[in-house]
Amino acid sequence: MSRARRSSFPADRRGVVSPGAVPHGPEPGRAGGATRAVTRTLKDDPLGGTVRRTVLPSGLRVLTEAIPAMRSVSFGIWVAVGSRDETGPQAGAAHFLEHLLFKGTRKRGALEISSEIEAVGGETNAFTTKEYTCYYARVLDEDLPLAIDVMCDLVADSILKPADVETERGVILEEIAMHDDEPGDEVHDLFARALYGEHPLGRLISGTEETVTPMSRRQIQSFYRRRYTAPQIVIAAAGNLDHAAVVKLVRQALRGTPLDTDPAAPAPRRPAAPAVRTRPATTLVEPKETEQAHLILGCPGIDRTDERRFALGVLNNVLGGGMSSRLFQEIRERRGLAYSVYSYAGQYADSGLFAVYAGCAPGKVDEVLELTRAELARVAVDGLTEAELARGKGMSKGSFVLGLEDTGSRMSRLAKGELLYGDLMPVDELLARVDSVTLDDVNTLAAELLTRPMSLAVVGPFDQSAFSV
């Protein structure tokens with residue numbers, strides 16, 4: 001049911017702008033944890049619904065967006081723990097735990113967890129990234145109380161039976177093996193290793209066979225109880241709902257569980273400093289007898305709170321964000337060298353990356369790399385045109401607004417705004433920030449970013465000596 005998000009990059013490939021930036025100040029009485037829940041209205045957005053935020057005494061936060069026109073609700077529990085929070089021997093623990101929480105609690109077995117939601121036509125799932133883990137359900141509005149009870153139960157009170165640990169270990173090892181058979185995914189992990197080396201950001205989210213095989217129930221249980229604490233959790237819901245009712249249901253569902261704790265303040269955002277040190281430009285090749293070669297050329301980028309991220313979104317759109325992009329037009333449309341080619345930006349609290357992916361016949365790799373490097377160098381020197389700037393802005397704004405047309409996207413926006421940025425930027429303000437990007441902003445960033453030393457990751461029928469950076 002649940003699965004790791006193998007690469008943390010796909011959501012950023014089209015230049016979607018991040019949702020927030022400015023941390024809000026402390027709530028009254030929160031220095032050592034409030035003794036009563038504190039609620040406030042964050043916004044009443046003309047392009048959405050009313051957003052409210054409650055901080056429970058335990059430090060757990062609940063955010064909702066009421067959208068009366070919807071007949072569904074998306075409900076998510078977001079934990080500020082990902083694969084980068086593991087030590088080397090723990091690699092894969094966050095993802096292993098994500099699987100295990102669906103296997104049973106003191107109140108429900110695995111079949112009950114899935115069947116109770118599916119019986120009302122709902123769906124549940126989860127995913128692990130490098131900086132957070134999410135468990136979510138989507139149901140009809142009338143079934144929201146059930147979804148809250150089930151999801152809070154499995155996140156707060158799972159029992160991690162030894163037999164279930166062994167069962168899921170086998171499942172995860174199969175998942176790792178399946179991933180090894182998908183070179184188009186594997187190359188993203190190889191590029192992360194080229195850029196970050198042995199830093200946790202350079203490791204596989206799933207862990208490896210060498211780390212998952214010996215991992216004990218005790219290790220996973222310790223990771224669970226030390227990391228899954230109320231101050232680290234954000235609950236978000238969007239759809240046809242009432243905020244006060246959601247808060248009440250959450251408090252009822254968590255009563256008597258390990259998340260029903262003494263007063264505490266919400267955990268601070270993951271710090272942006274010191275910045276993660278990246279490796280010098282390097283080339284990594286994974287020899288594999290594939291019909292197609294998969295390659296990524298890229299460099300360190302900017303972190304997610306950098307004010308230049310709006311300009312980066314525009315630059316990414318023009319370079320490789322769609323079928324009208326420079327790379328797509330040059331490499332695929334004019335020359336027919338690759339079926340898939342795109343650029344993307346990945347951003348973390350204290351680091352980031354910018355990269356170009358292409359999948360092509362092994363015999364065409366050199367030409368594709370030469371054209372990619374030439375296009376990046378051309379943009380670094382000559383910049384974009386006014387027409388490209390306008391198109392890049394339009395793509396950023398359109399993709400963001402169109403992405404708000406379902407409750408799942410709105411729920412995710414609430415949680416990420418709170419968890420990653422400490423605030424929720426109103427839609428109109430975000431669109432205005434994109435509009436304010438100037439040609440000089442983009443071209444200055446391009447001149448600085450695209451001249452950085454580039455690392456290369458390749459999966460295909462080659463050996464290491466076939467390439468040089």
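**Exercise 1. Find how confident the predictor is in this model, and where its coordinates call for caution.**

Solution. This is a predicted model, in which local features need pLDDT of at least 70 and side-chain atom pairs count only at pLDDT 80 or more, while totals for chains, interfaces and linings use all residues. Residues are numbered from 1 along each chain as its sequence is written, and side-chain values use heavy atoms, with hydrogens and water left out. The protein averages a pLDDT (the predictor's confidence in each residue, from 0 to 100) of 91, and 91% of the residues score at least 70. Over residues 1–31, however, the pLDDT is below 50, although this stretch has 109 contacts (heavy atoms within 4.5 Å) in the model beyond near neighbours in sequence. Where pLDDT is low, the predicted coordinates should not be read in detail.

**Exercise 2. Describe how helix H3 packs against H2.**

Solution. Begin with the elements, since helices are DSSP runs (H or I, at least four residues) numbered from the N terminus. Helix H2 (residues 110–118) and helix H3 (residues 144–156) pack at an angle of about 160°, with their axes 10 Å apart; axes are lines fitted to C-alpha atoms over the stretch in contact, and angles run from 0 to 180 degrees between N-to-C directions. H2 and H3 are therefore roughly antiparallel (over 145 degrees) to each other. The contact is made by Ile113, Glu116 and Ile117 of H2 together with Leu146, Ala147, Val150 and Leu154 of H3. These residues divide into six nonpolar (Ala, Val, Leu, Ile, Met, Phe, Trp, Tyr, Cys and Pro), no polar (the others, Gly among them) and one charged (Asp, Glu, Lys and Arg).

**Exercise 3. Describe how H3 packs against H8.**

Solution. H3 and helix H8 (residues 243–254) pack at an angle of about 40°, and their axes are 9 Å apart. H3 and H8 are therefore oblique to each other, a class that takes in the angles left over once those under 35 degrees, over 145 and from 65 to 115 have been set aside. On the H3 side the contacting residues include Ile148 and Cys152, and on the H8 side they include Leu249 and Ala253. The contact of H3 with H8 divides into 10 nonpolar residues, no polar and one charged.

**Exercise 4. Place Asp185 in the fold.**

Solution. Asp185 is found in helix H5, which covers residues 183–196. Because its relative accessibility is 34%, Asp185 counts as partly exposed, the class between buried (under 20% relative accessible area) and exposed (over 50%), with a 1.4 Å probe and protein chains only. Asp185 and Val459 are 274 residues apart in sequence, and their C-alpha atoms are 9.8 Å apart in space.

Key
Helix = DSSP H or I, 4+ residues; strand = E, 2+ residues; numbered from the N terminus.
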